[in-house]
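Reader: I'm new to this one and would like to go through it slowly. Could you start me off with the terms I'll need?
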Amino acid sequence: MRHARSARRPLLPALAAALLLAACGGGDDAEDLATEVAQGYAADAVTMSVAGTTTVDVSADVLEGAVATAAAAAAQREQLLAAQVGPTASATLTAACPTGGSVSWTVTGDAATIGNGQLDAGETFAVVYNACGSAGGGSIDGSATFTVTARSASLLAFTHTTNALTQTTTNGSFVHSGSVSVSRSEAALAGGGREVTRRVTSPGVTLQSRIGTVAGTRVATYQLNALDWTVTRTYGSSNELTARRHQGSASLATSTPRRPNATLDVTAEGTLTLDGAGVAAAEGSFTVVTARHRIRCVYGAGIATLTLDLGNDGSVDRTWVITLTRLVGDAG
């Protein structure tokens with residue numbers, strides 16, 4: 001019996017050491033994060049942050065262009081003038097979208113400015129998009145309300161409210177619901193062209209994604225909280241879109257059957273450069289912080305390099321390289 005008791009004694013120091021390590025917070029790296037899950041979190045982080053703000057950016061861009069076009073068209077100009085029967089006027093108009101479809105809107109505002117071809121403070125636009133196509137933004141369907149809060153020579157500010165406004169791109173469709181605040185500025189570029197910047201902020205909006213073929217569509221829901229994101233569009237001297245960049249931060253709450261639900265703190269470290277379909281393309285970098293870990297992604301030339309810091313303690317525990325197409329394809 002004495003021999004049996006002494007055989008157990010070496011276990012006690014080992015057990016005590018393990019308990020002490022756990023009490024001190026050690027061993028975080030032992031809670032692994034599967035490579036495919038980390039990769040999926042990174043894909044969701046960049047795709048949904050970009051999609052949620054691109055829907056706002058594209059719908060605003062289309063409306064601004066349509067309002068200017070309508071003011072210049074003789075028939076619609078007469079319609080606007082006829083609406084000016086008092087201090088407050090209202091008019092409903094329709095215009096073709098840049099690459100197909102149409103956009104209709106009812107504008108209410110000051111009779112003195114309602115037909116001047118721009119969004120002005122105090123005006124409200126109730127907008128309906130019908131398969132409305134825009135360069136670099138796919139197509140948009142559904143409705144949005146723009147309430148203009150400020151206008152100056154250098155700044156336009158408005159709230160943008162949606163309920164199931166749907167953007168369809170080559171990467172899938174994204175349904176946007178919620179309210180954001182937008183500030184827009186524009187600057188001329190040397191040698192011609194211009195740069196349009198929209199900063200989008202919101203305490204929270206909902207984004208539902210549908211990605212994949214009709215037979216194998218992946219459906220997921222995301223909440224973009226603490227959103228502070230800037231979209232910059234560059235246009236050439238002939239008003240052609242030459243570049244689109246994203247930069248900002250958000251807290252993304254994910255709900256997808258493909259991996260565990262999580263809250264992802266997303267930060268674009270530099271600018272995310274996108275292709276014509278709104279997908280991360282040329283170059284960029286971003287970080288994703290989960291409840292316990294940190295993922296960093298640097299991409300360029302069609303390749304994405306991911307590093308995983310288990311426990312978010314400053315050490316790189318895993319590095320892997322995949323194609324950018326594969327990364328984007330993991331979203332949803």
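Author: Let me begin with a term: a residue counts as buried when its relative accessible area is under 20%, and as exposed when that value is over 50%. Please also keep in mind that this is a predicted model.

Reader: OK, so is C297 buried or exposed?
Author: C297 has 0% relative accessibility, which is under the 20% limit, so C297 counts as buried.

Reader: And how many disulfides does the structure hold?
Author: The structure holds one disulfide, and the cysteines joined by it are C97 and C132, with an S to S distance of 2.0 Å.

Reader: Where in the chain do C97 and C132 sit?
Author: C97 lies in the loop between β1 (88-96) and β2 (102-110), while C132 belongs to strand β3 (residues 124-133), so that the pair, 35 residues apart, links distant parts of the chain.

Reader: Which hand does that disulfide have, and why?
Author: The disulfide is left-handed, because the torsion about the S-S bond of C97 and C132 is about -105 degrees.

Reader: Are those two cysteines buried or exposed?
Author: C97 is buried at a relative accessible area of 7%, and C132, with 1% relative accessibility, counts as buried as well.

Reader: Switching topic, how many helices and strands are there in the protein?
Author: The protein has five helices and 15 strands, and of its 332 residues, 44% count as buried.

Reader: What about the accessible surface of the protein?
Author: That surface comes to about 14800 Å², and carbon and sulfur atoms account for 55% of it.

Terms used
Residues numbered from 1 in each chain as written. Predicted model: local features only at pLDDT ≥ 70, side-chain atom pairs only at ≥ 80, totals over all residues. Heavy atoms only, no water. Disulfide = S-S within 2.5 Å. Helix = DSSP H or I, 4+ residues; strand = E, 2+ residues; numbered from the N terminus. Buried < 20%, exposed > 50% of the residue type's maximum accessible area, 1.4 Å probe, protein only. Areas by Shrake-Rupley, 256 points an atom, 1.4 Å probe, with all protein chains shown as cover.
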